[in-house]
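Subject: Structure for you to look at

Hello,

Here is the structure I said I would pass on. Please open it first, then read the notes on its pockets below.

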Amino acid sequence: MIHIVVGARPNQMKAAPLLRALREHPDFEPILVDTGQHYDHEMAGVFMQQFGMGEPDYSLEVGSGTHGAQTAKILEKYESLLLRKRPAATIVIGDINSTVACALAASKIGIPVIHLEAGLRSKDRGMPEELNRIVTDHLSDLLWTPSPDGDENLLQSGIEESKIVRVGNIMIDTLVAMKPEVEKSLFTKNIPFQNNKFAMVTLHRPSNVDVEVTLTKLLDELLIVSKTMDIIWPLHPRTKSRIESLGRMNELLDNAAIHLMGPLGYIDFMNGIMHSACVITDSGGIQEETTWLGVPCITLRPNTERPITITEGTNILATPETLQSELQRIQKRVDTGHKTIEYWDGKTAQRCVKSLELFLKR
Ligand code: UD1
(Lines give C-alpha, C1' and ligand atoms only; values in the text may rest on other atoms or scores of the structure.)
Protein backbone atom coordinates (compact mmCIF):
# COMPACT_ATOMS: atom_id res chain seq x y z
CA MET A 1 0.00 0.00 0.00
CA ILE A 2 1.50 3.28 -1.18
CA HIS A 3 0.12 6.70 -0.32
CA ILE A 4 0.15 9.43 -2.95
CA VAL A 5 -0.54 12.82 -1.39
CA VAL A 6 -2.12 15.69 -3.31
CA GLY A 7 -3.14 19.04 -1.85
CA ALA A 8 -3.26 21.84 -4.38
CA ARG A 9 -3.76 22.34 -8.09
CA PRO A 10 -0.15 21.82 -9.25
CA ASN A 11 -0.06 18.39 -7.59
CA GLN A 12 -2.84 16.86 -9.66
CA MET A 13 -1.07 16.77 -13.03
CA LYS A 14 1.94 15.15 -11.36
CA ALA A 15 0.00 12.58 -9.34
CA ALA A 16 -2.26 11.35 -12.14
CA PRO A 17 0.30 9.45 -14.28
CA LEU A 18 1.91 7.83 -11.25
CA LEU A 19 -1.44 6.81 -9.81
CA ARG A 20 -2.36 5.21 -13.15
CA ALA A 21 0.97 3.36 -13.42
CA LEU A 22 0.72 2.04 -9.85
CA ARG A 23 -2.89 0.97 -10.35
CA GLU A 24 -1.81 -1.08 -13.37
CA HIS A 25 0.93 -2.83 -11.37
CA PRO A 26 -0.19 -6.06 -9.67
CA ASP A 27 2.04 -5.55 -6.58
CA PHE A 28 0.91 -2.07 -5.61
CA GLU A 29 -2.20 -0.70 -4.00
CA PRO A 30 -2.01 3.08 -4.47
CA ILE A 31 -4.06 5.15 -2.03
CA LEU A 32 -4.88 8.73 -3.02
CA VAL A 33 -4.82 11.14 -0.07
CA ASP A 34 -6.18 14.66 -0.70
CA THR A 35 -5.31 17.13 2.04
CA GLY A 36 -7.85 19.66 0.73
CA GLN A 37 -5.39 22.58 0.75
CA HIS A 38 -7.25 23.60 -2.42
CA TYR A 39 -10.94 22.90 -1.99
CA ASP A 40 -12.84 24.63 -4.81
CA HIS A 41 -13.94 22.26 -7.56
CA GLU A 42 -12.23 24.44 -10.16
CA MET A 43 -8.91 24.37 -8.21
CA ALA A 44 -8.90 20.63 -7.49
CA GLY A 45 -11.83 18.34 -8.37
CA VAL A 46 -11.97 19.27 -12.04
CA PHE A 47 -8.42 17.98 -12.53
CA MET A 48 -9.08 14.68 -10.81
CA GLN A 49 -12.09 14.30 -13.10
CA GLN A 50 -10.29 15.21 -16.32
CA PHE A 51 -7.34 12.93 -15.53
CA GLY A 52 -9.63 10.03 -14.57
CA MET A 53 -8.12 9.81 -11.08
CA GLY A 54 -11.42 8.97 -9.38
CA GLU A 55 -12.37 10.12 -5.91
CA PRO A 56 -9.57 10.34 -3.31
CA ASP A 57 -9.47 7.45 -0.84
CA TYR A 58 -9.05 9.96 1.99
CA SER A 59 -9.93 13.68 2.11
CA LEU A 60 -8.42 15.57 5.01
CA GLU A 61 -10.36 18.77 4.23
CA VAL A 62 -7.88 21.18 5.82
CA GLY A 63 -8.83 24.26 3.75
CA SER A 64 -7.08 27.64 3.90
CA GLY A 65 -5.18 29.24 6.75
CA THR A 66 -1.89 30.92 7.53
CA HIS A 67 1.15 28.86 6.54
CA GLY A 68 1.69 27.69 10.10
CA ALA A 69 -1.95 26.85 10.73
CA GLN A 70 -2.43 25.07 7.41
CA THR A 71 0.80 23.08 7.70
CA ALA A 72 -0.01 22.13 11.30
CA LYS A 73 -3.53 20.99 10.44
CA ILE A 74 -2.23 18.77 7.63
CA LEU A 75 0.51 17.35 9.88
CA GLU A 76 -1.98 16.44 12.59
CA LYS A 77 -4.64 14.99 10.32
CA TYR A 78 -2.20 13.03 8.16
CA GLU A 79 -0.41 11.59 11.18
CA SER A 80 -3.71 10.32 12.56
CA LEU A 81 -4.47 8.65 9.23
CA LEU A 82 -1.02 7.00 9.19
CA LEU A 83 -1.47 5.72 12.73
CA ARG A 84 -4.70 3.99 11.72
CA LYS A 85 -3.31 2.24 8.63
CA ARG A 86 0.36 2.23 7.77
CA PRO A 87 1.44 2.37 4.10
CA ALA A 88 4.73 0.89 2.84
CA ALA A 89 5.71 4.39 1.72
CA THR A 90 4.34 7.92 1.29
CA ILE A 91 4.89 9.79 -1.96
CA VAL A 92 4.74 13.58 -1.65
CA ILE A 93 4.83 15.89 -4.66
CA GLY A 94 6.26 19.31 -5.46
CA ASP A 95 6.68 22.10 -2.94
CA ILE A 96 3.37 23.04 -1.36
CA ASN A 97 2.48 23.06 2.34
CA SER A 98 0.92 19.59 2.02
CA THR A 99 4.23 18.24 0.70
CA VAL A 100 6.29 19.26 3.70
CA ALA A 101 3.58 18.51 6.28
CA CYS A 102 2.95 14.96 5.07
CA ALA A 103 6.67 14.27 4.65
CA LEU A 104 7.20 15.27 8.28
CA ALA A 105 4.24 13.25 9.58
CA ALA A 106 5.39 10.10 7.79
CA SER A 107 9.10 10.36 8.54
CA LYS A 108 8.51 10.92 12.26
CA ILE A 109 6.76 7.60 12.52
CA GLY A 110 9.27 5.78 10.39
CA ILE A 111 7.37 5.50 7.12
CA PRO A 112 9.66 5.94 4.13
CA VAL A 113 9.09 9.22 2.28
CA ILE A 114 9.52 9.60 -1.46
CA HIS A 115 9.69 13.07 -2.95
CA LEU A 116 8.53 13.44 -6.52
CA GLU A 117 10.03 16.56 -8.14
CA ALA A 118 12.91 16.72 -5.69
CA GLY A 119 15.98 18.93 -5.93
CA LEU A 120 14.46 22.09 -7.40
CA ARG A 121 15.88 25.29 -5.89
CA SER A 122 15.18 28.94 -6.62
CA LYS A 123 17.80 29.88 -3.97
CA ASP A 124 15.19 32.37 -2.72
CA ARG A 125 14.24 31.68 0.88
CA GLY A 126 11.62 34.40 0.73
CA MET A 127 9.45 31.97 -1.25
CA PRO A 128 7.38 29.67 0.98
CA GLU A 129 7.79 26.90 -1.61
CA GLU A 130 11.60 27.05 -1.36
CA LEU A 131 11.44 26.33 2.37
CA ASN A 132 9.04 23.46 1.68
CA ARG A 133 11.47 22.04 -0.92
CA ILE A 134 14.49 22.20 1.37
CA VAL A 135 12.79 20.54 4.32
CA THR A 136 11.01 17.89 2.25
CA ASP A 137 14.20 16.87 0.46
CA HIS A 138 16.04 16.46 3.75
CA LEU A 139 13.25 14.32 5.19
CA SER A 140 12.99 12.06 2.14
CA ASP A 141 14.41 8.56 1.77
CA LEU A 142 14.12 8.48 -2.01
CA LEU A 143 14.35 11.60 -4.16
CA TRP A 144 12.97 11.60 -7.69
CA THR A 145 14.40 14.49 -9.69
CA PRO A 146 13.26 15.94 -13.02
CA SER A 147 16.57 17.29 -14.36
CA PRO A 148 20.35 17.28 -13.74
CA ASP A 149 20.28 20.58 -11.82
CA GLY A 150 18.01 18.83 -9.30
CA ASP A 151 20.63 16.10 -8.75
CA GLU A 152 23.35 18.74 -8.35
CA ASN A 153 21.37 20.77 -5.81
CA LEU A 154 20.73 17.70 -3.69
CA LEU A 155 24.36 16.57 -3.74
CA GLN A 156 25.48 20.07 -2.82
CA SER A 157 23.14 20.09 0.16
CA GLY A 158 24.71 16.90 1.45
CA ILE A 159 22.06 14.36 0.44
CA GLU A 160 23.55 10.93 -0.32
CA GLU A 161 23.82 10.06 -3.98
CA SER A 162 22.25 6.64 -3.40
CA LYS A 163 18.93 8.29 -2.51
CA ILE A 164 18.72 10.32 -5.74
CA VAL A 165 17.10 8.91 -8.88
CA ARG A 166 16.53 11.02 -11.97
CA VAL A 167 13.14 9.96 -13.26
CA GLY A 168 12.31 12.96 -15.48
CA ASN A 169 9.44 15.38 -15.62
CA ILE A 170 6.19 13.70 -14.62
CA MET A 171 4.04 16.65 -15.72
CA ILE A 172 5.07 16.01 -19.29
CA ASP A 173 3.52 12.52 -18.96
CA THR A 174 0.18 14.25 -18.42
CA LEU A 175 0.75 16.67 -21.27
CA VAL A 176 1.62 13.83 -23.66
CA ALA A 177 -1.43 11.80 -22.56
CA MET A 178 -3.86 14.73 -22.69
CA LYS A 179 -2.59 16.38 -25.90
CA PRO A 180 -5.24 14.87 -28.21
CA GLU A 181 -8.03 16.15 -25.89
CA VAL A 182 -6.33 19.53 -25.60
CA GLU A 183 -6.15 19.84 -29.39
CA LYS A 184 -9.86 19.04 -29.68
CA SER A 185 -10.94 21.76 -27.20
CA LEU A 186 -12.88 24.68 -28.73
CA PHE A 187 -11.83 26.98 -25.89
CA THR A 188 -9.85 29.57 -27.92
CA LYS A 189 -12.26 29.37 -30.88
CA ASN A 190 -15.08 30.76 -28.72
CA ILE A 191 -13.25 33.87 -27.48
CA PRO A 192 -14.12 37.22 -29.17
CA PHE A 193 -10.54 38.37 -29.85
CA GLN A 194 -9.88 42.04 -30.68
CA ASN A 195 -6.30 41.55 -31.96
CA ASN A 196 -4.74 38.88 -34.14
CA LYS A 197 -2.76 37.33 -31.30
CA PHE A 198 -3.15 36.75 -27.59
CA ALA A 199 -1.15 36.13 -24.44
CA MET A 200 -2.22 33.75 -21.67
CA VAL A 201 -1.65 35.31 -18.25
CA THR A 202 -1.52 33.57 -14.86
CA LEU A 203 -0.41 35.29 -11.67
CA HIS A 204 -0.76 34.16 -8.08
CA ARG A 205 2.56 34.47 -6.23
CA PRO A 206 2.32 36.54 -3.06
CA SER A 207 5.39 38.54 -4.22
CA ASN A 208 3.41 39.76 -7.26
CA VAL A 209 -0.17 39.97 -6.12
CA ASP A 210 0.00 40.67 -2.38
CA VAL A 211 2.21 43.76 -2.75
CA GLU A 212 0.01 46.68 -3.76
CA VAL A 213 2.60 48.67 -5.76
CA THR A 214 3.72 45.58 -7.67
CA LEU A 215 0.19 44.51 -8.55
CA THR A 216 -0.68 48.08 -9.58
CA LYS A 217 2.35 48.23 -11.88
CA LEU A 218 1.54 44.80 -13.32
CA LEU A 219 -2.05 45.80 -14.07
CA ASP A 220 -0.82 49.00 -15.78
CA GLU A 221 1.62 46.98 -17.90
CA LEU A 222 -1.01 44.39 -18.87
CA LEU A 223 -3.35 47.19 -19.95
CA ILE A 224 -0.60 48.40 -22.29
CA VAL A 225 -0.10 44.85 -23.62
CA SER A 226 -3.85 44.61 -24.36
CA LYS A 227 -3.55 47.38 -26.97
CA THR A 228 -1.68 45.06 -29.33
CA MET A 229 -2.44 41.61 -27.98
CA ASP A 230 -5.54 40.13 -26.37
CA ILE A 231 -5.09 38.69 -22.91
CA ILE A 232 -6.74 35.56 -21.58
CA TRP A 233 -6.47 35.66 -17.80
CA PRO A 234 -7.93 32.88 -15.65
CA LEU A 235 -7.82 34.43 -12.20
CA HIS A 236 -6.48 32.54 -9.20
CA PRO A 237 -8.73 33.21 -6.15
CA ARG A 238 -5.90 35.02 -4.37
CA THR A 239 -5.35 37.36 -7.34
CA LYS A 240 -9.07 38.00 -7.84
CA SER A 241 -9.49 39.15 -4.28
CA ARG A 242 -6.37 41.39 -4.44
CA ILE A 243 -7.56 43.10 -7.65
CA GLU A 244 -10.96 43.64 -6.07
CA SER A 245 -9.36 45.21 -3.00
CA LEU A 246 -7.42 47.59 -5.25
CA GLY A 247 -10.74 48.59 -6.83
CA ARG A 248 -9.49 47.82 -10.34
CA MET A 249 -11.66 44.90 -11.39
CA ASN A 250 -14.09 47.01 -13.46
CA GLU A 251 -11.29 48.55 -15.47
CA LEU A 252 -10.24 45.05 -16.55
CA LEU A 253 -13.80 43.85 -17.14
CA ASP A 254 -14.52 46.89 -19.34
CA ASN A 255 -11.55 46.15 -21.61
CA ALA A 256 -12.76 44.05 -24.58
CA ALA A 257 -9.25 42.70 -25.24
CA ILE A 258 -8.88 41.33 -21.72
CA HIS A 259 -10.76 38.09 -21.20
CA LEU A 260 -11.06 37.49 -17.47
CA MET A 261 -12.38 34.20 -16.18
CA GLY A 262 -12.20 31.89 -13.20
CA PRO A 263 -9.58 29.13 -12.95
CA LEU A 264 -9.76 26.81 -15.97
CA GLY A 265 -9.68 23.04 -16.16
CA TYR A 266 -6.56 21.44 -17.66
CA ILE A 267 -7.91 20.84 -21.16
CA ASP A 268 -9.09 24.39 -21.89
CA PHE A 269 -6.12 25.92 -20.11
CA MET A 270 -3.59 23.96 -22.15
CA ASN A 271 -5.55 24.69 -25.32
CA GLY A 272 -5.08 28.39 -24.52
CA ILE A 273 -1.36 27.91 -23.86
CA MET A 274 -0.89 25.93 -27.05
CA HIS A 275 -2.43 28.64 -29.25
CA SER A 276 -1.03 31.69 -27.47
CA ALA A 277 1.66 33.94 -28.91
CA CYS A 278 3.24 33.91 -25.48
CA VAL A 279 2.54 33.22 -21.84
CA ILE A 280 3.04 35.72 -19.02
CA THR A 281 3.14 33.92 -15.68
CA ASP A 282 4.64 33.49 -12.25
CA SER A 283 3.80 29.78 -12.06
CA GLY A 284 6.36 27.03 -11.62
CA GLY A 285 4.91 24.29 -13.80
CA ILE A 286 3.85 26.49 -16.71
CA GLN A 287 7.50 27.31 -17.36
CA GLU A 288 7.98 23.61 -18.11
CA GLU A 289 4.82 23.06 -20.13
CA THR A 290 5.60 26.03 -22.39
CA THR A 291 9.14 24.77 -22.87
CA TRP A 292 7.87 21.36 -23.97
CA LEU A 293 5.31 22.96 -26.30
CA GLY A 294 7.80 25.53 -27.63
CA VAL A 295 5.64 28.50 -26.61
CA PRO A 296 7.55 31.62 -25.46
CA CYS A 297 7.14 32.18 -21.72
CA ILE A 298 7.83 35.33 -19.72
CA THR A 299 8.13 34.53 -16.03
CA LEU A 300 7.53 37.52 -13.76
CA ARG A 301 9.94 36.49 -11.04
CA PRO A 302 13.53 37.36 -10.12
CA ASN A 303 14.53 33.69 -10.13
CA THR A 304 13.39 30.22 -11.09
CA GLU A 305 13.79 26.78 -9.55
CA ARG A 306 13.58 25.45 -13.11
CA PRO A 307 16.69 26.97 -14.82
CA ILE A 308 16.64 24.31 -17.55
CA THR A 309 13.56 26.06 -19.00
CA ILE A 310 15.83 29.05 -19.65
CA THR A 311 18.98 27.28 -20.80
CA GLU A 312 17.21 24.66 -22.94
CA GLY A 313 13.68 26.00 -23.25
CA THR A 314 11.59 29.04 -24.09
CA ASN A 315 11.50 30.76 -20.71
CA ILE A 316 12.83 34.20 -19.76
CA LEU A 317 12.65 36.01 -16.44
CA ALA A 318 11.28 39.54 -16.33
CA THR A 319 10.11 42.24 -13.96
CA PRO A 320 7.04 44.44 -14.42
CA GLU A 321 9.50 47.10 -15.64
CA THR A 322 11.05 44.91 -18.36
CA LEU A 323 7.85 43.15 -19.47
CA GLN A 324 7.24 45.27 -22.60
CA SER A 325 10.83 45.05 -23.84
CA GLU A 326 10.92 41.27 -23.28
CA LEU A 327 7.64 40.91 -25.15
CA GLN A 328 9.11 42.76 -28.12
CA ARG A 329 12.24 40.67 -27.93
CA ILE A 330 10.44 37.30 -27.95
CA GLN A 331 8.35 38.27 -30.93
CA LYS A 332 11.58 38.42 -32.93
CA ARG A 333 12.77 35.04 -31.65
CA VAL A 334 13.18 32.24 -34.16
CA ASP A 335 14.09 29.39 -31.81
CA THR A 336 10.53 28.44 -30.90
CA GLY A 337 9.10 24.97 -31.46
CA HIS A 338 9.00 21.79 -29.38
CA LYS A 339 12.02 21.34 -27.10
CA THR A 340 13.51 17.96 -26.34
CA ILE A 341 14.92 17.60 -22.84
CA GLU A 342 16.21 14.29 -21.57
CA TYR A 343 13.49 12.34 -19.70
CA TRP A 344 10.77 14.83 -20.49
CA ASP A 345 9.27 12.14 -22.66
CA GLY A 346 5.98 10.94 -21.17
CA LYS A 347 7.63 7.91 -19.53
CA THR A 348 8.51 9.31 -16.12
CA ALA A 349 5.77 7.39 -14.27
CA GLN A 350 7.21 4.11 -15.59
CA ARG A 351 10.66 5.06 -14.29
CA CYS A 352 9.14 5.98 -10.92
CA VAL A 353 7.49 2.57 -10.63
CA LYS A 354 10.77 0.76 -11.44
CA SER A 355 12.61 2.86 -8.89
CA LEU A 356 9.92 2.20 -6.27
CA GLU A 357 10.16 -1.56 -6.82
CA LEU A 358 13.92 -1.47 -6.31
CA PHE A 359 13.62 0.79 -3.28
CA LEU A 360 11.09 -1.43 -1.51
CA LYS A 361 13.09 -4.60 -2.29
CA ARG A 362 16.13 -3.03 -0.63
C1 UD1 B 1 -0.53 27.20 -3.39
C2 UD1 B 1 0.90 26.73 -3.18
C3 UD1 B 1 1.75 27.13 -4.38
C4 UD1 B 1 1.13 26.72 -5.69
C5 UD1 B 1 -0.31 27.25 -5.74
C6 UD1 B 1 -1.03 26.89 -7.01
C7 UD1 B 1 1.83 26.64 -0.89
C8 UD1 B 1 2.71 27.33 0.05
N9 UD1 B 1 1.52 27.33 -2.00
O10 UD1 B 1 -0.54 28.61 -3.36
O11 UD1 B 1 3.01 26.52 -4.25
O12 UD1 B 1 1.86 27.23 -6.77
O13 UD1 B 1 -1.01 26.74 -4.62
O14 UD1 B 1 -2.32 27.38 -7.04
O15 UD1 B 1 1.44 25.52 -0.64
N16 UD1 B 1 -8.41 29.61 -2.28
C17 UD1 B 1 -9.71 29.47 -2.76
N18 UD1 B 1 -10.05 28.27 -3.25
C19 UD1 B 1 -9.21 27.21 -3.30
C20 UD1 B 1 -7.89 27.39 -2.81
C21 UD1 B 1 -7.51 28.60 -2.31
O22 UD1 B 1 -10.51 30.39 -2.73
O23 UD1 B 1 -9.60 26.13 -3.75
C24 UD1 B 1 -7.99 30.91 -1.73
C25 UD1 B 1 -7.50 30.79 -0.29
O26 UD1 B 1 -8.52 30.98 0.61
C27 UD1 B 1 -6.42 31.85 -0.21
C28 UD1 B 1 -5.93 31.96 -1.63
O29 UD1 B 1 -6.86 31.33 -2.47
O30 UD1 B 1 -6.97 33.09 0.17
C31 UD1 B 1 -4.57 31.34 -1.81
O32 UD1 B 1 -4.56 29.98 -1.42
P33 UD1 B 1 -3.29 29.38 -0.64
O34 UD1 B 1 -3.65 28.05 -0.12
O35 UD1 B 1 -2.75 30.43 0.25
O36 UD1 B 1 -2.15 29.14 -1.64
P37 UD1 B 1 -1.91 29.41 -3.18
O38 UD1 B 1 -1.60 30.84 -3.41
O39 UD1 B 1 -2.98 28.81 -4.00
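The largest pocket in this predicted model holds about 1100 Å³ of space. Its lining is made up of 48 residues, and those closest to the pocket centre are Pro-10, His-38, Met-43, His-204 and His-236.

Which helices take part in that lining? At least two residues each come from helix 1 (9-24), helix 3 (67-84), helix 5 (128-139), helix 10 (237-246), helix 12 (266-275) and helix 13 (285-293). Helix 1 contributes the most, with four residues. Sorted by type, the lining of the largest pocket has 20 nonpolar, 17 polar and eleven charged residues.

The second largest pocket has a volume of about 290 Å³. There are 17 residues around it, and Asp-34, Gly-45, Met-48, Glu-55 and Pro-56 lie nearest its centre. Helix 2 (residues 45-50) gives the most to this lining, namely three residues. By type, the lining of the second largest pocket splits into five nonpolar, eight polar and four charged residues.

Is Glu-129 buried or exposed? Its relative accessible area is 15%, and because the cut-off for buried is under 20%, Glu-129 counts as buried. Apart from neighbours within four places in sequence, Glu-129 is in contact with Asp-95 and Arg-205.

Regards

Notes. Residues numbered from 1 in each chain as written. Predicted model: local features only at pLDDT ≥ 70, side-chain atom pairs only at ≥ 80, totals over all residues. Heavy atoms only, no water. 1 Å grid on protein atoms, 1.4 Å probe; cavity = no way out; pocket = protein on both sides within 12 Å on 5 of 7 lines; lining within 4 Å. Points joined across faces, edges and corners; volume = space filled by probe spheres on them. Nonpolar A, V, L, I, M, F, W, Y, C, P; charged D, E, K, R; others polar. Buried < 20%, exposed > 50% of the residue type's maximum accessible area, 1.4 Å probe, protein only. Contact = heavy atoms within 4.5 Å.
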